[in-house]
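The points may be read in order beside the sequence and the model.

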Amino acid sequence: MARSQGSDPKEDYTSNESLHEDEGKALPPDVERNAAAPSGDNEEKPAPPSVNQGPGPPPDGGLQAWLQVLAGFCLFFNTWGILNTFGVYQTYYESGQLWTETSSNISWIGSIQSVMVLVVGAFTGPIFDRGHLRLLLIVGTFGVVFGHMMLSLCTTFWQSILAQGFVIGLGGGCLYIPAVALLPTWFSSKLGLAIGLAASGSSMGGIIYPIMFYKLIDQVGFAWSVRILGFTTLATLMIPIFIMKLRVKPPKARSLIDWSAFTDLPFMTLVLGSLIGFIGLYTGFFYTSYYGQESGLTNASLSFYLVPILNAGSVFGRTLPNMLSDKIGPLNVIAPGAFMVGLVLLCYLAASSVGGIVVLALLFGFFSGIFIALPPVLFVALTKDKSKIGTRMGMGFTLIGIGVLCGGPGGGGILGTDRSNLHWTGTWVYAGVTCLAAGVVFTVLRVMRAGWKLGVKV
């Protein structure tokens, strides 16, 4: 039986049959029956004039679409940008000026913060799917800003874990899924570029926030340095609150967990590869700055600047590979990229000068971008029912969070507690080998999807 467009509430909300945002829900049954029922002479009855035909396919451009990219940039700036800043906090906390703990214990703060951003996505994904975008933005903004204000009052290790690890992490978790789940409803053929540009916000945050922290710490002290960072997050998060727009949403509420994902072999392979890769990724994020200082390759000032240098390299690593992925496919980019991250981390062992560690930090930043910007693109590509994108992303990043916990604290555990005999060789081998293993898993996924042919876009 023929149906008029827009009448089936099970249709993909990114397709031509999607509903307008202002419709909010599926058509009432009586309207749907009237729109779908054929006339007596077997000719299709035209849809009533009051029934909208849906927003059509993603516009793939235009002012409103690119404003969503700007909003996504601000969300990445205050989620992954803050996470990428933790290297300077690690180095500062190691100095013992605030409190004294081992490297492994200190890294738990950044690890918990990162895991919260990823794990909370399991809950914010379905909330996003239900259309509560503005609620997530407001709650997330409050969490990030409030967490910074509470961190400025901390004087003990456990207070810092609660404020910086849990509160800022929970706030960031409310912001991250909207940053990546909204863009597929506005872009299709340019999705990789759009997400890449938005994800570059994490690099800019990772450049600006560490420099602000380092410049302010000697002038106004730790407390006011953190407060000023908190006010900066508030100002920049006002932008997405005012300009982000939910273009379409599914007419049917989705479950918290998509159980079919656990039997989706390509999806789970992607999650496994990303989980393993994040182990090495976060070891590099947390310990690059500290390595420069403790190894004597850099002075105390330059060791702090290694974090913004690393993130400067990742500005291009979050955009250029994504642009390339639009041309040749994301799996053809993420697999070799993971191998390069692993090789660069192993090369840290050969660094013997300031120039060497700076170049390696730039290269690590560039290639590490594939782990931040490409998984969301692949989650979209591997999710057939696009109305489940938020749920799938939330589930995927929750599982990937295990890798974060194995990365920072695991690397710190290998490093040891004796500062006169830190085991840097074991730490960098641990980081490099896990990223190489992730490259192997991504290669397996690529072969599963397209075989061994090299000229296939996948």
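1. Terms of burial. A residue is called buried under 20% relative accessible area, exposed over 50%, and partly exposed in between. Cys-406, with a relative accessible area of 30%, is therefore partly exposed. Cys-435, by contrast, counts as buried, because its relative accessibility is 0%. A disulfide is a covalent bond between the sulfur atoms of two cysteines. A search of the whole structure finds zero disulfides.

2. The model is a predicted one. Its chain contains 16 helices and zero strands. Of the 458 residues in the chain, 59% are buried. Among the contacts in the chain with a separation of 6 or more, 83% are between residues 24 or more positions apart.

3. Helices H5 and H10. How do these two helices cross? The axes of H5 (residues 103-119) and H10 (residues 265-294) come within 11 Å, and the crossing angle is roughly 130 degrees. H5 is therefore oblique to H10. The crossing of H5 past H10 is right-handed. On the H5 side the contact is formed by Ser-103, Ser-104, Ser-107, Gly-110, Ser-111, Ser-114 and Leu-118, and on the H10 side by Phe-278, Tyr-282, Phe-286, Tyr-287 and Tyr-290. Sorted by class, this contact of H5 with H10 comprises six nonpolar, six polar and no charged residues.

4. A serine in H5. Ser-107 belongs to helix H5. Is Ser-107 buried or exposed? Ser-107 counts as buried, because its relative accessibility is 0%. Setting aside residues up to four places away in sequence, Ser-107 touches Phe-286 and Tyr-287, and also Phe-86, Gln-90, Gly-408 and Pro-409.

5. Ser-289 is found in helix H10, and at 0% relative accessibility Ser-289 counts as buried. Apart from neighbours within four places in sequence, the contacts of Ser-289 are Gly-87, Thr-91, Ser-303, Phe-304, Leu-306 and Val-307. Val-271 also lies in helix H10, and Val-271 counts as buried at 3% relative accessibility. Which residues does Val-271 touch, not counting residues up to four places away in sequence? They are Phe-379, Gly-396, Leu-399 and Ile-400. The C-alpha atoms of Val-271 and Met-393 are separated by 10.0 Å, although these residues are 122 residues apart along the chain.

6. Helices H9 and H12. H9 (residues 191-243) packs with H12 (residues 320-328) at an angle of about 170 degrees, and their axes are 7 Å apart. H9 is thus roughly antiparallel to H12. In this contact, H9 contributes Leu-191, Gly-192, Leu-193, Ile-195 and Gly-196, while H12 contributes Asn-322, Met-323, Ser-325 and Asp-326. By class, the contact of H9 with H12 holds four nonpolar, four polar and one charged residues.

7. Helix H6. H6 (residues 121-129) is mostly covered, with seven of its nine residues buried. Which residues in H6 are buried? They are Gly-121, Ala-122, Thr-124, Gly-125, Pro-126, Phe-128 and Asp-129. What covers the buried residues of H6 includes H5, along with helix H7 (133-151), helix H8 (157-181) and helix H15 (389-415). Just after H6, Gly-131 adopts a positive phi of about 95 degrees.

8. A backbone point for attention. Asp-60 is not a glycine, yet it has a positive phi of about 60 degrees. Asp-60 is placed in the loop between helix H1 (29-36) and helix H2 (63-77). With a relative accessibility of 13%, Asp-60 counts as buried.

Definitions and conventions: Residues numbered from 1 in each chain as written. Predicted model: local features only at pLDDT ≥ 70, side-chain atom pairs only at ≥ 80, totals over all residues. Heavy atoms only, no water. Axes fitted to C-alpha atoms, helices over the stretch in contact; angles between N-to-C directions. Helix = DSSP H or I, 4+ residues; strand = E, 2+ residues; numbered from the N terminus. Parallel < 35°, antiparallel > 145°, perpendicular 65-115°, else oblique. Left-handed = near helix turned anticlockwise from the far one by under 90°. Contact = heavy atoms within 4.5 Å. Nonpolar A, V, L, I, M, F, W, Y, C, P; charged D, E, K, R; others polar. Disulfide = S-S within 2.5 Å. Buried < 20%, exposed > 50% of the residue type's maximum accessible area, 1.4 Å probe, protein only.
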